[in-house]
Amino acid sequence: LGRLLAARNPESGAPMGDEDVISNLLTLLEAGHETTARALTWALYLMARAPEWQDQVRAEVLAVAGNATLEAAHVPRLSIADRVMKEAMRLYPPAPVIVRMPTAEMKIGEVTIRPYTQIVIPIYAIHRHRKLWEDPDRFDPDRFLPEREKALPRTQYMPFGAGPRICLGMSFAQVEATALFATFIRAARFDWDGRHLPEPISRVTLRPKGGMPLRVEPIS
């Protein structure tokens with residue numbers, strides 16, 4: 001907030017207006033922190049359902065950073081944690097739908113789309129499409145091993161969208177989510193009760209209906 005209030009137009013020297021400040025704050029909270037929080041929520045649920053992966057992530061974090069505070073330099077070495085986060089965002093994309101609107105008439109296949117028609121792109125469905133993914137509902141972080149991820153068509157995996165309006169904060173969000181996720185897994189064990197199956201609800205972001213009850217046991 002302080003940076004926004006202190007910002008000045010480089011040409012006129014004028015400060016940002018109140019409406020622009022509010023719009024920037026809303027975007028930061030909704031598109032930035034809210035999406036990362038949802039991604040972490042679903043990732044911790046998947047870890048509770050796949051304890052063998054949880055153990056691998058914890059061992060990796062301890063090997064890379066020990067008990068020291070995680071820093072940016074550690075993140076590129078957290079390859080397992082990175083793969084888990086990517087697979088979590090495939091199964092439960094924080095932004096499950098994106099909307100685009102063409103400014104000119106266009107054709108997709110045999111369909112003509114008129115200007116300013118609202119086009120809804122279901123990221124959740126694309127990420128689980130059986131023609132695109134093998135056993136798409138199965139949690140498998142190894143889908144994102146470097147050689148396999150490199151072979152994915154560009155728009156098969158789109159947790160941050162695609163094209164000219166791809167999420168500006170994509171790189172930051174990936175680093176932030178991986179660092180937080182690794183910190184959580186190192187600090188505690190997450191267990192599922194074997195009964196609660198969270199229902200994904202699309203409300204701008206993908207949230208679990210009724211919350212995400214997990215057992216959390218700190219690791220001393």
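The buried residues of helix α4 (residues 79–91) are Ile80, Ala81, Arg83, Val84, Met85, Lys86, Glu87, Ala88, Met89, Arg90 and Leu91, where buried means under 20% relative accessible area with a 1.4 Å probe and protein chains only. Eleven of the 13 residues of α4 are buried, so this helix is largely enclosed by the rest of the structure. The model is predicted: local features need pLDDT of at least 70 and side-chain atom pairs count only at pLDDT 80 or more, while totals for chains, interfaces and linings use all residues. Residues are numbered from 1 along each chain as its sequence is written, and side-chain values use heavy atoms, with hydrogens and water left out.

**Helix α4 and its cover**
- Helices (H or I, at least four residues) and strands (E, at least two) are DSSP runs numbered from the N terminus.
- The cover over the buried residues of α4 includes α2, α3 (51–65), α5 (123–127), α6 (146–150) and α7 (170–187).
- From first to last C-alpha, α4 reaches 19 Å, close to the 18 Å expected at 1.5 Å a residue; the expected span is 1.5 Å times one less than the number of residues.

**α2 against α4**
- The axes of α2 (residues 18–49) and α4 come within 9 Å and cross at roughly 105°.
- That makes α2 roughly perpendicular to α4, a label for angles of 65 to 115 degrees; under 35 counts as roughly parallel, over 145 as roughly antiparallel and the rest as oblique.
- Axes are lines fitted to C-alpha atoms, for helices over the stretch in contact, and angles run from 0 to 180 degrees between N-to-C directions.
- Ala39, Leu40, Ala43, Leu46 and Met47 of α2 meet Val84, Met85, Ala88, Met89 and Leu91 of α4, contact being heavy atoms within 4.5 Å.
- By class, this contact has ten nonpolar, no polar and no charged residues.
- Ala, Val, Leu, Ile, Met, Phe, Trp, Tyr, Cys and Pro count as nonpolar, Asp, Glu, Lys and Arg as charged, and the others, Gly among them, as polar.

**α3 against α4**
- The axes of α3 and α4 come within 8 Å and cross at roughly 140°, and the two helices are therefore oblique to each other.
- Trp53, Gln56, Val57 and Glu60 of α3 make the contact with Ser79, Ile80, Ala81, Arg83 and Val84 of α4.
- Five nonpolar, two polar and two charged residues form this contact.

**Whole chain**
- The chain has seven helices and eight strands.
- Of its 220 residues, 37% count as buried.

Methods. Buried < 20%, exposed > 50% of the residue type's maximum accessible area, 1.4 Å probe, protein only.
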